[in-house]
Amino acid sequence: MTEHEKAGEQSVGVNQTPADSAIPTKHIQLKRGLTSAQVSMIGLSGALGTGLFLGSGSVIGYGGPSTVIAYLAAGFLALAVVWALAEMVSVHPVPGGHGAVAASYLGPYGGYVTRWNFAVTMLIAVGAEVTATATYLQFWFPSLPLWVGTVLCSLFIVALNLFSVHLYGSSEYWFSMIKVIAIVTFIALGLALVLGLFPGVEAIGTGNLTEHGGFFPKGISGLLAAICLAVFSFGGIENVSVGAAESEHPERDVPRAAHTMIWRLLLFYVLAILVVLMLQPWTETAGSHGTIDESPFVRALDITGVSGAAHIMNAILIVAALSAANGCLYSSSRMIHSLANDRQAPSWAAVTASNGSPRRAVLIAMVGMVLASVLAIASPANAFLWLYGCATIGILVTWVMTMLTHMAFRAKRKAAGLPLPEHRLWAAQIVAPLSIVASVAIFIGLYWLLPVAWYAGIPYICILTLSYLAVRSVHSMHMRDLLEENLRS
């Protein structure tokens, strides 16, 4: 890189400054201990979870066989977001990932909203996942109180995040690997059943894709509704950018992870849903997401005569939920650490342990996780639905802010005469604004599909804005007091 380019990078780059001059810089820095494979699996962890294994029936209820197209469309939107993230954080591999980059290119308010929104969305997801894990444990231990299982799962996840990032990366790698193996096995068994390659079982064929109302049983409106709901299956893909600051070679690992991760997700979701739709009529699959025995994956195992199919599926669901909780807590704590560096969260949360883990930020994220879990347990039919509404809005806000940041990133690099990175978003001048329009359209569509997303989401965004004004006011008063003290001395 030339001297001119280096100077340009500094002028438009992300500048992470210590939150408190009394804290040595070495005590607020994260350690680069994640390998390329681990970064890739971290990206998979959030998006490849119980939504596919257990909850895909609700999406199929809207789109029928055309749900395959819905997941494909949602996947391409996610692809655009991931590539925009990879392009930016490969240039700026800083703590806080895309949130810190947003602070540099969109200003303090943009960075505050992007980071706190992502942190809150992830901690809500953690609360949901640990509660779900406790529910799955009751399948084997019916007398186990839900709150006991939730606390045990929470302590396990917190422990993984308090130790070194290498331990976290290793655990997440194997968690995600189990999920990948489960999906690949399911797809292979399903295709064998459809094509008649499984011994002793007659070929099922592809008739279920066109019978029972046709490929578009609820028309274009049903397909559009399915797309709106399918988008949220890809929530959590942003985790790949958060790991950039702790990757050994971010300029290489993040684009590589983004490329392999998103294509795996598209392949897994589309093929898995296609197999589900071919194995049984969509009318039987629709809405089948309440219990282990209703899972489409259990159905495939039952047809093949695998004994203990429900128990196998339950074990996979527990791993999937723990993996998602693990990844979401990691991302939330790293965003809080980044906010603390910019004095938009308690400054003591910027301190890291000797192993590089931001343990204080993890503890803050844990408090939120506990509150979310308590609400989910106390009133699963009401409070949990509000939490889910906030989480869905949070994903859309993250995607919109990511694309706004990317547009500013491109514009400022062009103005500074800097080249684009090798791995970049294709046709960004069209794709980025189109992705924003699509995200806004999905939010509008939720008014009819998931009204609670509006009731919870709009107040949530207002609270984010008001809290920023409050934090800015406190920070301004603090700086004024320091200035007056310096003048007096």
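A residue counts as buried when its relative accessible area is under 20%, as exposed when that area is over 50%, and as partly exposed in between. In this predicted model, Y468 has a relative accessibility of 8% and therefore counts as buried.

**Aromatic pairs**

A search of the whole structure finds 11 aromatic pairs. In one of them, the rings of Y112 and Y468 have their centres 5.3 Å apart and their planes at 55°, so the pair is classed as tilted. Because Y112 belongs to helix 6 (residues 97–140) and Y468 to helix 18 (residues 452–488), this pair ties together parts that are 356 residues apart in sequence. Y112, with a relative accessible area of 4%, is buried, and Y468 is buried as well, at 8%. Ring pairs also join these two residues with Y109 and W116, giving a cluster of Y109, Y112, W116 and Y468.

Another pair is formed by F215 and F216, whose ring centres lie 5.1 Å apart with the planes at 80°, so that the arrangement is edge-to-face. Here F215 counts as partly exposed, at 28% relative accessibility, and F216 is likewise partly exposed, at 37%.

**Nonpolar surface patch**

F216 also takes part in a nonpolar surface patch of about 360 Å², which is made by I69, F216, I220 and L224. Of these residues, L224 is located in helix 9 (residues 219–230) and is partly exposed, with a relative accessible area of 48%.

**Accessibility of selected residues**

The following table gathers the values for residues discussed in this report.

| Residue | Relative accessible area | Class |
|---|---|---|
| Y112 | 4% | buried |
| Y468 | 8% | buried |
| S90 | 12% | buried |
| F215 | 28% | partly exposed |
| F216 | 37% | partly exposed |
| L224 | 48% | partly exposed |
| L371 | 55% | exposed |

S90 is part of helix 5 (residues 67–91), and its relative accessible area of 12% is under the 20% limit, so the residue is buried. The side chain of S90 reaches two backbone oxygens, that of A86 at 2.9 Å and that of E87 at 3.0 Å.

L371, by contrast, is exposed, since its relative accessible area of 55% is over the 50% limit. This leucine, L371, lies in helix 15 (residues 359–378), and although L371 and I124 are 247 residues apart in sequence, their C-alpha atoms are 8.8 Å apart in space.

Conventions. Residues are numbered from 1 along each chain as its sequence is written. This is a predicted model: local features need pLDDT of at least 70, side-chain atom pairs count only at pLDDT 80 or more; totals for chains, interfaces and linings use all residues. Side-chain values use heavy atoms; hydrogens and water are left out. Patches are made of residues with over 30% relative accessible area and no salt bridge: like charges are joined within 9 Å, nonpolar side chains (Val, Leu, Ile, Met, Phe, Trp, Tyr) within 5 Å. Accessible areas come from the Shrake-Rupley method with a 1.4 Å probe; for residues, only the protein chains shown count as cover. A salt bridge is a side-chain nitrogen of Lys or Arg within 4 Å of a carboxyl oxygen of Asp or Glu. Helices (H or I, at least four residues) and strands (E, at least two) are DSSP runs, numbered from the N terminus. Buried means under 20% relative accessible area, exposed over 50%, partly exposed in between (1.4 Å probe, protein chains only). Rings of Phe, Tyr and Trp (its six-membered ring) pair if their centres lie within 6.5 Å; planes under 30 degrees apart count as stacked, over 60 as edge-to-face and the rest as tilted. A polar contact is a pair of N or O atoms within 3.5 Å; within protein, one must be able to donate a hydrogen and the other to accept it, and residues adjacent in sequence count only if both atoms are side-chain atoms.
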